[in-house]
Amino acid sequence: MAIIAMLFAAPAHAQPAERPAQRPNIVLIVADDVAFTDLGAYGSEIRTPNIDALARRGTIFSNFHATPMCAPSRAMLMTGVSSHRAGIGNLPETTPEEHRGAPAYRGLLAEGLPTIATRLRARGYRTYMTGKWHLGHTRETLPSARGFDRTFILDSTGADNWEHRPYLPYYDRAEWFADGEPVDTLPDDFYSSEFLVDRMIDFVGTAEGDDPFFAYIGFLAIHIPVQAPREYTMRYADMYRDGWRAHRERRHAAAIEAGLIPVNAPLGTIHPDLRDWDDLSAEEQAWYARAMAVNAGMLEAMDDHLGRLIAHLREIGEYENTIFIVTSDNGPEGNSPGGNAIMQAWMWMVGYSTDIDTMGERGSFGYIGPEWASANASPHSLFKFYANEGGTRVPLIVAGPGVAEGAMADQLSLISDIPATIAALADADGGGMTGRSLMPALTGEESAIYGPDDSFGIETAGRMAFYRGRYKIVRNGPPLGDNVWRLYDLEADPGETRDLSASEPELFAEMQAGYARWAEENGVLDMPEGYDPIQTLMEHSRGPLLHRYWWVLLLLGGIILAPIGLLIWRRRSRRTA
């Protein structure tokens, strides 16, 4: 950890590189549900050597934010505007009926809104995408119609990593598309991280000619179901046996040693509704320790395959002229599908196994649950689906020509800033974006991206936050939120442990008024009373589940009713005898 601290000690040690004479290639890597401290460069125990090498070569961000949910973040990443302006203020799967059809909640990328791919293609870039899109699967909203030349993408929240099948009862199928056409089968040896890199290497090819390329890979790692080749999982077989509280404390110490948070910054609290490791049985502890091992192995496998793309770019002579951007769409996944009756029934019907011996392998369904998610989010509070820093503060690494080497940028920044930055790097049109260029941070300057009086908001599924300078207000809905606004000083307290709303009433009122203005400007709607996104997802899953598996219910009903009918028949026969 001391080496990490030396590498990223202060922007003053950064060595800015000169801007390249030619326009750079740009490789955008988005990992799914990767926590702030999940990468080795951020102090993690998980091996990510290829990403860490990029971090040493470039700039690492310590105060970068996404929304707490995937599709809204990806909409901002592609367009440079708020998720509501992009038409994706919530996941389509968790949008309440009251919001469906509203401009900010269509669940499809807004018509006429240019993507960063559209802007780059207009500047002569070749544009490629593989992996998770989740911004619409109509012909008009697939990436093949929104600026990408070649694509192999998934338009769902996730999917199985070994086979062509969905991971939720909400879906009829895993929505894979190749160049805008539905994909019916995947290769027998399919594994998502490997396959997505293979396709991208095919797209990039030898990169002959003068035109640069934009390559966007949206990995499925480490979204549920957590799945990884066994050789990766077993490297972490003994890593997590002492439980989530010890792991959370290790990550906190690592973040301090890496210089990501102040030395005296308190560790974010664990929500009181979450379990204590010692309350689990030995069998449960073994299961959850293995789940975390699969989670870690899945991330290492992703890094390994990313390394193959990097090696290919070296081989064809394009590595030195390529900007790499590595980030995550939100914090770690805390849902426990195995604890939901609808999910349990569906997994049984489709043959998903949660057996510890095969966890991570073909046919398995793994997940880490809220306690491990809380630990992975350390040093912050809560996780994905919540607007606390554990759900919104994510890693960002940028490396390549023109980017300061060995730097740590602590400027407040937002995921909509990435397309604005890409436009600046490619000398492309960035007009209409609300995101801001990160170039001051990338060139080793200390000037703010957002000044002390600048502000921005985020909201999705009733999870909302508003940032102004060093301060933040946040409010979360059920099941772990109480819909109460709180105020925090993120510079001193990134773990959000000390609510300042009572001691700073004027600031608190100003921040609330600021959020209200931002929400009105962006078309944010209030959530229905008692709204819970996961409960809504399961409610939306009942119809598809009944439609596809009515025969199972009929069969079970027959099995249950047959003995009753037989008993009634016997009693009547005796009476008439």
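This report describes the helices, strands and selected residues of one predicted protein model.

## Basis of the description

The model is predicted, and local features need pLDDT of at least 70, side-chain atom pairs count only at pLDDT 80 or more, while totals for chains, interfaces and linings use all residues. Residues are numbered from 1 along each chain as its sequence is written, and side-chain values use heavy atoms, with hydrogens and water left out.

## Overall composition

The chain contains 16 helices and 16 strands. Helices (H or I, at least four residues) and strands (E, at least two) are DSSP runs, numbered from the N terminus. Of its 577 residues, 60% count as buried; buried means under 20% relative accessible area, exposed over 50%, and partly exposed in between, with a 1.4 Å probe and protein chains only.

A contact means heavy atoms within 4.5 Å. Among contacts between residues at least 6 apart in sequence, 74% join residues at least 24 apart.

## The ten-strand sheet

Ten strands form an open sheet with mixed pairing, in the order β7-β6-β5-β4-β8-β1-β9-β10-β2-β11. Strands β7 (181-182) and β11 (407-409) stand at the edges with a single partner strand each, so one side of each has no neighbour in the sheet. Two strands pair if DSSP finds at least two bridges between them. Strands β4 (residues 126-132) and β5 (residues 150-154) run parallel and are joined by five bridges, and Y128 stands opposite R150 in β5.

Helix α5 (residues 192-204) packs on this sheet, touching β4, β5, β6 (176-178) and β8 (213-218), and its direction makes about 170° with that of β4. Helix α8 (residues 282-315) lies across β1 (25-31), β8 and β9 (322-328), running at about 175° to β1. Axes are lines fitted to C-alpha atoms, for helices over the stretch in contact, and angles run from 0 to 180 degrees between N-to-C directions.

## The residue R146

R146 is located in the loop between β4 and β5. With 8% relative accessibility, R146 counts as buried. Apart from neighbours within four places in sequence, R146 is in contact with several residues, including L109, G112, T115, W133 and E140. R146 and T115 are 31 residues apart in sequence, and their C-alpha atoms are 6.4 Å apart in space.

Strand β14 (residues 463-468) runs antiparallel to strand β15 (residues 471-475), and five bridges join them. M464 stands opposite R475 in β15. The hairpin of β14 and β15 has two residues between the strands, and G469 takes a positive phi near 60° there.

Strand β15 is also joined by four bridges to strand β16 (residues 486-489), and these two run antiparallel. Here K472 stands opposite Y488 in β16.

In helix α3 (residues 70-79), ten of the ten residues are buried, so the helix is largely enclosed by the rest of the structure. The buried residues include C70, R74 and T79. Helix α3 is followed by G80, whose phi is positive, near 80°.

Helix α7 (residues 244-257) and helix α10 (residues 369-376) pack at an angle of about 20°, and their axes are 8 Å apart. In this contact, W244, H247, R248 and R251 in α7 meet E371, W372, S374, A375 and N376 in α10.
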